[in-house]
Amino acid sequence: MDNSSFVTIAHHTKEKIMYLLQMAEEFEKCPNRKLLDGRIVATLFFEPSTRTRLSFETAANRLGAKVIGFADPKVTSGTKGETLKDTIMMVSNYADIIVMRHYLEGAARYASEIAPVPIVNAGDGSNQHPSQTMLDLYSIYKTQGTLENLNIFMVGDLKYGRTVHSLLMAMRHFNPTFHFIAPESLAMPNEYKKFCQQNNLEFTEHTELDKEVISNADILYMTRVQKERFTDLMEYERVKDSFLLNNAMLELTKPNMRILHPLPRVNEIAYDVDDNPKAYYFQQAKNGLYAREAILCDVLGITLDDIKR
Amino acid sequence: MNNKQELQVAALRNGTVIDHIPTDKVFTIVSLLNLQQSTTPLTIGINLLSKKLGSKGIIKVSDRFFSDEEISRLSVVAPNVKLNIIRDYEVVEKKQVVIPEILKGLVKCHNPKCITNNEPMQTIFHVDKEQGLITCHYCGKNQEIDKAKLL
């Protein structure tokens, strides 16, 4: 068992989150630092995820590490019936750290308990995707100058959206006011509303996305409304265009407001928004590199002081 | 009828009487404690009259004394059973089932996409006694303890 693994940030303290953000800030100043020279990072993607994998592999390369692994689960022994445990134990012989994406929930926690090397969770089913949360937090911190007392608006699929759930939980330390904007069938699940109540986090629910509703936002966190999530396709047809953001809707928004999106987008943000300085989703993806450099270093015991040195 | 029942209980010289078992849980408990492998005399009574339950089951096991860990395994299926420890025909100790903080290798996670349902591994659940909920250590999903399925 290895406690340095990065499986979830649900239990991270405020101090730990801020510490990782400071590390990310250092990497943004200078992304190329040979702190992992001579180390090997394995990226095991049991489920394809080009974006996350490229981001982790770039982070590893910029830190001077070598990368091994697979991007396509079809090439793994899993298809021959090998257990996750056996794959993890085998790869642990070669790599100093394993970055893993898996389609089963809890896979990263289990891997972290059996692997002799640290595990970094790059997403396990619909359970956790903590490196995405770190880059979301970093993007909010960077654009707002703080994480404290912000109005955070979450839009789209709030029922199945793993990123919004993780972000909501991580923000509990920072006294946010949440606004949940979603069709009724994809509303924020009760367990997360209960979580807000238990942590004294204010929230308001809306079923319409319009310019008055979002005028007070500091962060507008957009997500995809996916057709396959609807059991009633009539309902999908009815709501699909109600959660689209276009440039005209940003008219009343605050100057500091920024639009985030975990990507890929399909049509929920119109292309005319891209040129608005409030559109931040591409820089947000770039922040993923710095956040992941911080995560890789932290799990390998490299401190903020080591980075600054 | 009552006399006969008491007579049966009193007949145990050394061992454990598991009492106040809901009738439909008797054989689950036999299986949980692996009593079918028992080599000492074992008496199982079902549909016995009970003031509390209306009908109850009882299991008497000669020369067997259960550890607290074994007893805690009963908490999921029958949290209200009572155990009488008998030595030389006397009840020397009464034990109640205590729900443990953590259930290991006992209950199945109801989430089909949980790693525990797809790997040869032990399940672990964290117990919230106040809410009557158990939370999977791996996938984080909750379920009600009294609806949990045994492995």
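Leaving aside its neighbours within four places in sequence, which residues is A:Leu168 in contact with? Find A:Leu168 in helix 6 of chain A, residues 162-170. Its contacts beyond those neighbours are A:Phe178 and A:Tyr192. One word of caution before we go on: this is a predicted model.

Now, is A:Leu168 buried or exposed? The cut-off for buried is 20 or more other C-beta atoms within 10 Å. A:Leu168 has 26 C-beta neighbours inside 10 Å, so it counts as buried. Now look for A:Arg33. A:Leu168 and A:Arg33 are 135 residues apart in sequence. In space, C-alpha to C-alpha, they are 32 Å apart.

Let's step back to the whole of chain A. It has ten helices and nine strands. Its C-alpha atoms fill a box of roughly 55 × 45 × 40 Å along the principal axes. Buried residues make up 46% of the 309 residues. What about contacts along the chain? Take the contacts in chain A between residues at least 6 apart in sequence: 75% of them join residues at least 24 apart.

Next, the domains of chain A. Domain 1 covers 14-129 plus 288-308. Domain 2 covers 131-285. The C-alpha centres of the two domains lie 27 Å apart. How many residues of domain 1 are in contact with domain 2? The count is 15 residues of domain 1, in contact with 16 residues of domain 2. On the domain 1 side, helix 1 (14-29) and helix 9 (281-299) each supply at least two residues. By class, that side has eight nonpolar, four polar and three charged residues.

Two loops in chain A deserve a stop. Here is the background. Most residues other than glycine have a negative phi, and most peptide bonds are trans. Now go to the loop between strand 9 (258-260) and helix 9 of chain A, where A:Pro264 lies. The peptide bond from A:Leu263 to A:Pro264 is cis, with omega near 5°. A:Leu263 has its place in that loop too. Its phi is near 60°, a positive value in a residue other than glycine. A:Leu263 is partly exposed, with 15 other C-beta atoms within 10 Å.

The other loop runs between helix 5 (130-144) and strand 5 (151-155) of chain A, and A:Asn149 lies there. Phi of A:Asn149 is positive as well, near 55°. Is A:Asn149 buried or exposed? It is exposed, with 11 other C-beta atoms within 10 Å.

On to chain B. Where does it meet chain A? 13 residues of chain B are in contact with eleven residues of chain A. The chain B side divides into seven nonpolar, four polar and two charged residues.

Chain B is also divided into two domains: domain 1 is 2-96, and domain 2 is 102-150. Their C-alpha centres lie 27 Å apart.

Start with strand 3 of chain B, residues 54-62. Strand 1 (residues 15-22) runs antiparallel to strand 3, and six bridges join them. There, B:Ile18 has B:Ile59 as its bridge partner. Strand 2 (residues 42-50) is also antiparallel to strand 3, with seven bridges. B:Thr43 has B:Lys60 as its bridge partner in strand 3. A hairpin of three residues joins strand 2 to strand 3.

Last stop: an open sheet of four strands in chain B. What is its strand order? The order is 6-8-9-10, with antiparallel pairing. Strand 6 (102-104) and strand 10 (142-144) stand at the edges, each with a single partner strand, so one side of each is left without a neighbour in the sheet. The twist averages 30° from one strand to the next. Strand 8 (residues 124-128) and strand 9 (residues 133-136) are joined by four bridges. Look there for B:His126, which stands opposite B:Thr135 in strand 9.

Conventions. Residues numbered from 1 in each chain as written. Chains lettered and ligands numbered in written order. Predicted model: local features only at pLDDT ≥ 70, side-chain atom pairs only at ≥ 80, totals over all residues. Domains from an automatic or database assignment. Contact = placed C-beta atoms within 7 Å. Nonpolar A, V, L, I, M, F, W, Y, C, P; charged D, E, K, R; others polar. Pairing = 2+ DSSP bridges. Axes fitted to C-alpha atoms, helices over the stretch in contact; angles between N-to-C directions. Buried ≥ 20, exposed ≤ 12 C-beta atoms within 10 Å, placed from the backbone.
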